[in-house]
Amino acid sequence: MAPIRKAPTRSTRASAQPLIHPGSILSASELTPQRTRAILQLADALDAEDTFKRAKRLLKRRVALLFYEASTRTRTSFELAAKSMSADTTLVSNLSSSIEKGESLKDTGITLRALGAECIILRSPYSGAPWLLARSTGLPVLNAGDGMHEHPSQALLDLRTILRHLGIKSSKLNEKSLKGVTVTICGDILHSRVARSNALLLPKLGAHVVFCGPTPLLPEDAAAIGPGVSIERDFNQSLQQSQIVMMLRIQEERLAGLSLDLDEYRQRYQANGERIAAYAPKALIMHPGPIIRGMEITSEVADGPQSAIEEQVHHGLAIRRALLFQALSGGRA
């Protein structure tokens, strides 16, 4: 007779769960100054590398782009970054897969792993989805935006843009590199994963982050996200103390149920030519995109000499190339 086997203990069952892969980037809270420096240096090295040599880096490695939300910049830059190193990419969207039929995120991830995916890039409307996927599959997962939570690769590309503007080398990055630098983030902080990731990352490097906006879009408890973050309701006052100004998109579909007058918002918080010239004539103007011209920012500012919006897109390709290479190299930058 076969021996009776003991039921698995709770600790045994827990240990059977796949661990989060060290190449995953799920939150900016995971990014220490040292890890951030390594990612930025890797981005620099890959960016400067001979195109043909770089094209062999991820030859025939398999990357799945799992996008439950529409995206242009993030999805395209991740895809182009992967293809620049000759990785094979597959786009899976909620409109052209079993997701539309009600398949769970866990089962979709396990299916992609069984089909040979070695890395998954996830954009989801649900906060926390990247952690579920990473634990379910054991694969490296790159968070490309999860609900109202975070967008860590955007924070990294924003940081690279800021460092280039300030003339700070990636190799010199440390806890004091941005000491004395004030970054204003203005707009819909309530719904912004970009604001959260930047507020978690930039103060670790010495920056002071100022959230600016009306109360319906910026609750008082937003400053509790961490040290080095404060709230300023007066946009002009915030501009006067800032070297970096990051505008956020105002999406009307997110304003349902909020008491917000859009005409008043434009008057008080719009980055227009007159306001920037008066209060922040030397500040770098940023925006994660897509921008809504005439709402949070005017064309003269978005296209003006202080704007780094197009530059941010360029840095996004370099950062996401580094994240993919790191993910598929066992987590080593």
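Take Glu 49: is it buried or exposed, and what is its relative accessible area?

Author: Glu 49 is buried, at a relative accessible area of 14%. Buried here means under 20%, exposed means over 50%, and partly exposed is anything in between, using a 1.4 Å probe and protein chains only. Before going further, some ground rules: this is a predicted model, where local features need pLDDT of at least 70 and side-chain atom pairs count only at pLDDT 80 or more, while totals for chains, interfaces and linings use all residues. Numbering starts from 1 along each chain as its sequence is written, and side-chain values use heavy atoms, with hydrogens and water left out.

Glu 49 forms a salt bridge with Arg 57, and their closest N and O atoms are 2.4 Å apart. The term covers a side-chain nitrogen of Lys or Arg within 4 Å of a carboxyl oxygen of Asp or Glu. Arg 57 counts as partly exposed, at 36% relative accessibility.

Now for another pair: Lys 60 forms a salt bridge with Asp 88, with the closest N and O atoms 3.2 Å apart. This pair links distant parts of the chain, since Lys 60 is in the loop between helix 3 (51-54) and strand 1, Asp 88 is in strand 2, and 28 residues separate them. Helices (H or I, at least four residues) and strands (E, at least two) are DSSP runs, numbered from the N terminus. Asp 88 is partly exposed, at 32% relative accessibility.

Strand 1 (residues 62-67) is mostly covered, with 5 of its 6 residues buried. It runs parallel to strand 2 (residues 88-93), and 6 bridges join the two; for strands to count as paired, DSSP has to find at least two bridges between them. Ala 64 has Thr 90 as its bridge partner in strand 2, and Phe 67 stands opposite Ser 93 in strand 2. On to strand 3 (residues 119-124): strand 1 is joined to it by 5 bridges, again in parallel, and Leu 66 has Leu 122 as its bridge partner there. As a general point, side chains in a regular strand alternate between the two faces of the sheet.

Helix 4 (residues 73-84) sits between strand 1 and strand 2 in a right-handed β-α-β unit. Right-handed means that, with the strands pointing away from the viewer, the path from the first strand over the helix to the second runs clockwise.

Back to the charges, then. The structure holds 15 salt bridges. One of them joins Arg 160 to Asp 44, with the closest N and O atoms 2.8 Å apart. Arg 160 lies in helix 7 (residues 152-166) and Asp 44 in helix 2 (residues 33-48), so this pair ties together parts that are 116 residues apart in sequence. Arg 160 is buried, with a relative accessible area of 1%, whereas Asp 44 is partly exposed at 23%. Both belong to a network of salt bridges that links Asp 44, Asp 47, Arg 160, Arg 164 and Arg 321.

Helix 13 (residues 309-327) is mostly covered: 14 of its 19 residues are buried. The 19 residues should span 27 Å at 1.5 Å a residue, and the end C-alpha atoms are 27 Å apart, which agrees; the expected span is 1.5 Å times one less than the number of residues.
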